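Student: I would like to learn how to read a model like this one, feature by feature. Where do we begin?

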Amino acid sequence: MILCSCNRLSTSRVRAVLERQCQTDPYSLVTPGRLFAMTGNRMQCGRCARLVNEVIAKELRQIQGALPETSRPRKERPHER
Ligand code: FES
């Protein structure tokens, strides 16, 4: 599915980029702007930002859930703030 018509960015491309990113740094924070930079593009009209953000969150949950326990980002506990 095409998420961004300006850059022809698809869900599968987003997932591939996020999988590669999680292999090198499973703790990284990925924003739509950063994702576009990682794909060699930049946001243009911005209409896709909300959808891209939702797909990033969904894909990261799936990818990080499949990582070995030791590689997963640890959930923050209230007393650690
Ligand atoms: S639809 Fe994504 S920047 Fe325009």
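Tutor: We begin with N53, whose place is in helix 3. Keep in mind that this is a predicted model.

Student: Is N53 buried, exposed or partly exposed?

Tutor: The general idea is to count neighbours: a residue is buried if 20 or more other C-beta atoms lie within 10 Å of its own, and exposed if 12 or fewer. N53 counts as partly exposed because it has 14 C-beta neighbours inside 10 Å.

Student: How far is N53 from L35 in space?

Tutor: Sequence separation and spatial separation are read apart. N53 and L35 are 18 residues apart in sequence, and their C-alpha atoms are 9.4 Å apart.

Student: What does the length of helix 3 tell me?

Tutor: Compare the span with the expected one. Helix 3 has 18 residues and reaches 26 Å from its first C-alpha to its last, close to the 26 Å expected at 1.5 Å a residue.

Student: Which residues of helix 3 are buried, and why do they lie on the same side?

Tutor: An α-helix has 3.6 residues a turn, so residues three or four places apart point the same way. In helix 3 the buried residues are V52, V55, I56, E59 and L60. They are on the same side of helix 3 because they cover an arc of only 135° around the axis. The face turned away from that buried side carries the exposed residues R50, E54, A57, R61, Q62 and G65.

Student: What covers the buried residues of helix 3?

Tutor: The cover includes strand 1, helix 1 and helix 2.

Student: Which residues have the most contacts inside the largest nonpolar core?

Tutor: A core is read from its members, then from the elements that supply them. The largest nonpolar core has 13 residues, and L3, V14, V52 and I56 have the most contacts inside it. Strand 1 (2-4), helix 1 (11-24), helix 2 (32-38) and helix 3 (49-66) each give two or more residues to this core. Helix 3 gives the most, with four residues.

Student: What does L3 touch?

Tutor: Leaving out residues up to four places away in sequence, L3 touches L9, S10, T11, V14, C48, L51, V52 and V55.

Student: S10 is on that list. Where does S10 lie?

Tutor: S10 lies in strand 2. S10 is partly exposed because 14 other C-beta atoms are within 10 Å. With the same exclusion of residues up to four places away, S10 touches M1, I2 and L3. The C-alpha atoms of S10 and V52 are separated by 9.6 Å, although these residues are 42 residues apart along the chain.

Student: How is the whole chain summarised?

Tutor: The protein has three helices and two strands, in the pattern β-β-α-α-α. Of its 81 residues, 19% count as buried. Among contacts between residues at least 6 apart in sequence, 56% join residues at least 24 apart.

Notes:
Residues are numbered from 1 along each chain as its sequence is written. This is a predicted model: local features need pLDDT of at least 70, side-chain atom pairs count only at pLDDT 80 or more; totals for chains, interfaces and linings use all residues. Two residues are in contact if their C-beta atoms, placed from the backbone, lie within 7 Å. A nonpolar core is a set of buried Ala, Val, Leu, Ile, Met, Phe, Trp, Tyr and Cys residues joined through C-beta atoms within 7 Å. The expected span of a helix is 1.5 Å times one less than its number of residues. The arc is that of the directions from the helix axis to the C-beta atoms.
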